[in-house]
Amino acid sequence: MKYLHKLSLILIAFTLIFSSCDTEESLNIVTPEAKFVLNTPGISNVFLNFSLPDNPAFTITWIDEVTGSSEYMVEMALEDTFASPVLLGTTDKNSFSMTVSEFNTVLSNANIKSFTETGVYIRLKAGSETSNTILLQVSKFAVKVPVITSPDNSFTKVLSDADPSLTALTINWDDPEAADNSSVKITYEVEMALGGTNFATVSNIGSTENKSFEISHEALNDAVIAAGGVANTAANFDFRIKAVAKTASGDLSRTSEMITISLTPYKGAVPDNLFMVGSHNGWNNADATQKFYNDGNGVFSRVQMFNANDEFKMLPTSGSWDGDWGEDPTNAGKIVQDGEQNIKVTDAGNYIVIIDFNTLSFKLSKIDNLYMVGAHNGWNNADATQQFNTSGNGVFTRIQTFSAGDEFKMLPTSGSWDGDWGENKNSSGKIIQDDEQNIKVADAGTYMVTVDFNDLSYSLVTVPAALHLVGSINGWDNTTAAPFTKVSEGVFEINQVLTATDEFKFLPMQGSWNNDWGESSKYPGMIVRDGESNVKSPGNGTYKITVDFNKGTVTVE
């Protein structure tokens, strides 16, 4: 049995050996076909972000087992037939990248619209061999600027108030980047500036999502005046279109070339009166105490104390909201009647508010303090001893000794020239902040200098060396006017018995009515030499009467 078992094992072994030989003789080994394949990228949707121009827009890789080439040409086309291929670049590697900026430029040159998905086909060429094609869906950003098509630089217009609602100007333009199916909202802003200023001060006169803009005679006239135009005088104005695309990466702006046209504005209506209304007076539109000073030339001024974050606007008629004026929301510092917003005050303080209808503008200047600087103190703008006195009513006074020919101006902040005030070149006795000139003193002497921001005026009046009291107390006899005691430079005192009905004023020289002083009719408690009123007794008794030319005040106590 053992013998038979061994014999069986030997026979099985021989069978396996012969079977193996038969299988090995019938096996065919196949070699894989060589490939020249452009790999499909993991991300086929490409959004070109203008805020990251140096980032890679895409990276492609490939396998080349066919050409053995040392240079590959990367081509792009807008159709899979590659009828009009565009060369993206060449490389000797098996990968290729382009930055966002580079790829966007190629797409712009191919006149592809922005902010919409466009199919872009990419392939490789190496010698006579061409790879497979891959497809990317690309959204590019805008680069080319809008182009104004009308009007041209020959356009002129004389604006008219005969029918101010009629269209005065229509501007049309093309945008080579805008697609009808754009995924991004594009707004076109129409900008204007005084001709030849290189848009140093820009006025935004409107916006639209269309490629055309119309503006009426009235609206354009306001814009021209606000931009520096002069009524009834032709002048050049520059216009341009700014396209603003609202993207997830922020606003992308493109600005057209400008056109220059000639416009002649008319003189707009100036209200007879103007009143302030705002949070400082509980928005009471019938508060007649809020009246502005009208200089008769289209400029209104008013001194007002504000709290931080107060807001206000202006009314032509007390008690009515009709025709109210506020800030132009698209042009800071300018005023409009339609679509206006409240004027906002950031910091608490006393302000001079100036409304100028000649330029349709407003200005707020803080006047908590005022300092004099000039030849008399070597133009030292940090000399705090030169501070004016004020009670907060917008009137500032101080006495100063000048030499003949001295000049000076005023500063709201000691140590700073910012916001300095001087004389208005076009109006003697008036003050202004912009394009001002120094105030000149003709004759040597000691003067009471008064600056009144309520009507934007200043005055220099000689301070008397002596002072006398005249009135009902002595039968208005100027020859018996009682002398004051001079207690310091510019300060005079006298004790006097008064009745409740007494009235009086002050004389520099006994026996003469020349240059007499009295109480201001506008500002109770303040003294003036011209247009003065009599000072009235507060009651029966003995009173100390003090006249202080430093402060410009009279007190009876």
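1. A helix here is a DSSP run of H or I with at least four residues, numbered from the N terminus. On that basis, α3 is followed by Gly 228, whose phi is positive, near 115°. The model is predicted.

2. Helix α3 spans residues 217-226 and is mostly covered, with 7 of its 10 residues buried. The buried residues are His 217, Leu 220, Asn 221, Ala 223, Val 224, Ile 225 and Ala 226.

3. Two arginines sit over aromatic rings. The charged end of Arg 123 is over the ring of Phe 82, 4.1 Å from the ring centre. Arg 240 lies over the face of Phe 199, and here the distance to the ring centre is 3.9 Å.

4. Aromatic pairs number 18 under the rule used. Take Phe 402 and Tyr 447: their ring centres are 6.1 Å apart and their planes stand at 50°, so the pair is tilted.

5. Are Phe 402 and Tyr 447 buried or exposed? The cut-off for buried is under 20% relative accessible area. Phe 402 has 3% relative accessibility, so Phe 402 counts as buried. Tyr 447 has 10% relative accessibility and therefore counts as buried too.

6. Trp 517 and Phe 549 form an edge-to-face pair, with 4.9 Å centre to centre and 85° between the planes. The pair again links distant parts of the chain, 32 residues apart. Trp 517 lies in the loop between β41 (503-507) and β42 (518-519), and Phe 549 lies in the loop between β45 and β46. Both residues are buried. Elsewhere, Phe 36, Trp 62 and Tyr 72 form one aromatic cluster.

7. Next, the sheet that includes β45 and β46. It is open, has 4 strands in the order β39-β40-β45-β46, and pairs antiparallel. Which strands are at the edges? They are β39 (485-488) and β46 (553-556), each pairing on one side only. The twist averages 25° from one strand to the next. Strand β40 (residues 491-498) is joined to strand β45 (residues 541-548) by 8 bridges, and the two run antiparallel. Val 497 stands opposite Thr 542 in β45.

8. A further open sheet has 4 strands in the order β20-β21-β26-β27, and its pairing is antiparallel. Its edge strands are β20 (293-294) and β27 (361-366), and each pairs on one side only. Between strand β21 (residues 299-306) and strand β26 (residues 349-356) there are 8 bridges, and these strands run antiparallel. Within this pairing, Val 303 stands opposite Ile 352 in β26.

Definitions and conventions:
Residues numbered from 1 in each chain as written. Predicted model: local features only at pLDDT ≥ 70, side-chain atom pairs only at ≥ 80, totals over all residues. Heavy atoms only, no water. Pairing = 2+ DSSP bridges. Axes fitted to C-alpha atoms, helices over the stretch in contact; angles between N-to-C directions. Buried < 20%, exposed > 50% of the residue type's maximum accessible area, 1.4 Å probe, protein only. Phe/Tyr/Trp six-rings, centres within 6.5 Å; stacked < 30°, edge-to-face > 60°. Lys NZ or Arg CZ within 6 Å of the ring centre and 35° of its normal.
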